[in-house]
Amino acid sequence: MRKPLVAGNWKMHGSLAANAKLLGALVEGWTGAKSVDCAVCVPFPYLHQARALLGSSDIQWGAQNMNAQAQGAFTGEISGPMLRDFGCRFVIVGHSERRQLFGESSEWVAEKFSAALSHGLVPVLCVGESLAQRESGQTEAVVGSQLDAVLNAVGAQELSKGVLAYEPVWAIGTGKTATPEQAQSVHRFLRERVALADGEAAGALRMLYGGSVKASNARSLFRQPDIDGALVGGASLQAEEFLSICLAARPKD
């Protein structure tokens, strides 16, 4: 059985004071570690603080991006070994904002995914389509291509060691959310696509939904058979809201 995962993506938000309050509240309030993995992916400057405040808790932490190279003349970049130095468990790769704003190709994302695994990190691979692509019936073609770039590069078994997150671009930060049925349809398509290469790997692969996930809609999303948790944006900056989403992911008794 796949253990649910709820990961917060703080994006470019935070301060030492605000983080201390938020992380402290998460540590104090988190009670579901036996049945749900809970994690936060924080900006690079705050990895040390996350490690210090979360290190004795059941909450894990990670980064929002990394370079595929282990070291070198790449000013401003962060490597996998550096993230491991800070105790990171997870790293997000291929987020739509990285693809759209910083020109990251699917091939580039595949290199990052592979590098993350080689450095002992769990990559969270993001795929998703724009509103125009959805309205023109291209959803499966777009997310399938994004998935294939990684699947072809590392294989299904290696892919299953990471996490796949479906984040429809049209639902990120817009207040719009795919219905549970819409989200499940894409998740099922993605799992079936992996299963064409390796059924066992497809069954083991954790798949998250991301896109304006809130406590009010989390449970209905998590009831879908191929949705194993969430990658949470804005709501992860509010302790009570984020904890409620994490607890909503607990499997039914």
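**Salt bridges, pockets and cores**

Q: What kind of model is this, before we start?
A: This is a predicted model.

Q: OK. How many salt bridges are there?
A: The count comes to 11.

Q: Start with Arg 134. Which residue does its side chain meet in a salt bridge?
A: Glu 129. The N to O distance is 2.8 Å.

Q: Is Glu 129 buried or exposed?
A: Glu 129 is buried, at 0% relative accessibility. Arg 134 is partly exposed, at 23%.

Q: Why does Asp 37 count as buried?
A: Because its relative accessible area is 15%, and buried means under 20%. Lys 3 is partly exposed, with a relative accessibility of 31%.

Q: Now Asp 228. What does it pair with?
A: The side chain of Asp 228 forms a salt bridge with Arg 191, at 3.0 Å from N to O.

Q: How accessible are Asp 228 and Arg 191?
A: Asp 228 is buried, with a relative accessible area of 8%. Arg 191 is buried as well, at 9%.

Q: Which residues are in the network of salt bridges?
A: Arg 2, Arg 191, Asp 226 and Asp 228 are linked in it.

Q: Switching to pockets. What's the volume of the largest one?
A: About 550 Å³.

Q: What lines it, and which residues lie nearest its centre?
A: The lining has 23 residues. Lys 11, Met 12, Gln 64, Arg 98 and Phe 102 lie nearest the centre.

Q: Which helix gives the most to that lining?
A: Helix H4, residues 96-102, with four residues.

Q: And how do the lining residues of the largest pocket divide by type?
A: There are 11 nonpolar, eight polar and four charged residues.

Q: What about the second largest pocket?
A: Its volume is about 320 Å³. The lining has 16 residues. Nearest the centre are Phe 222, Ile 227, Ala 249, Arg 250 and Pro 251. By type, the lining holds eight nonpolar, two polar and six charged residues.

Q: On to the core. Which residues of the largest nonpolar core touch the most other members?
A: Leu 159, Leu 190 and Phe 222. That core has 69 residues. Phe 222 also came up at the second largest pocket, among the residues nearest its centre.

Q: What does Leu 159 touch?
A: Leaving out residues up to four places away in sequence, Leu 159 touches Phe 113, Leu 125, Leu 147, Val 150, Leu 151, Val 154, Val 194 and Leu 205.

Q: How many residues are in the second, separate core?
A: 13, including Cys 41, Ile 92, Val 163 and Leu 231.

Q: Last one, helix H12. Which of its residues are buried?
A: Ala 239, Phe 242, Leu 243, Ile 245, Cys 246 and Ala 248. The helix covers residues 239-248.

Q: What do they pack against?
A: The buried residues of H12 pack against strands E1, E2 and E8. They also pack against helices H1 (16-29) and H11.

Definitions and conventions: Residues are numbered from 1 along each chain as its sequence is written. This is a predicted model: local features need pLDDT of at least 70, side-chain atom pairs count only at pLDDT 80 or more; totals for chains, interfaces and linings use all residues. Side-chain values use heavy atoms; hydrogens and water are left out. A salt bridge is a side-chain nitrogen of Lys or Arg within 4 Å of a carboxyl oxygen of Asp or Glu. Buried means under 20% relative accessible area, exposed over 50%, partly exposed in between (1.4 Å probe, protein chains only). On a 1 Å grid over the protein atoms alone, a cavity is a set of points where a 1.4 Å probe fits but cannot get out, and a pocket is an open set with protein on both sides within 12 Å along at least five of seven lines; lining residues have an atom within 4 Å of a point. Grid points are joined across faces, edges and corners, and a volume is the space filled by probe spheres set on the points. Helices (H or I, at least four residues) and strands (E, at least two) are DSSP runs, numbered from the N terminus. Ala, Val, Leu, Ile, Met, Phe, Trp, Tyr, Cys and Pro count as nonpolar, Asp, Glu, Lys and Arg as charged, and the others, Gly among them, as polar. A nonpolar core is a set of buried Ala, Val, Leu, Ile, Met, Phe, Trp, Tyr and Cys residues joined through side-chain atoms within 4.5 Å. Contact means heavy atoms within 4.5 Å.
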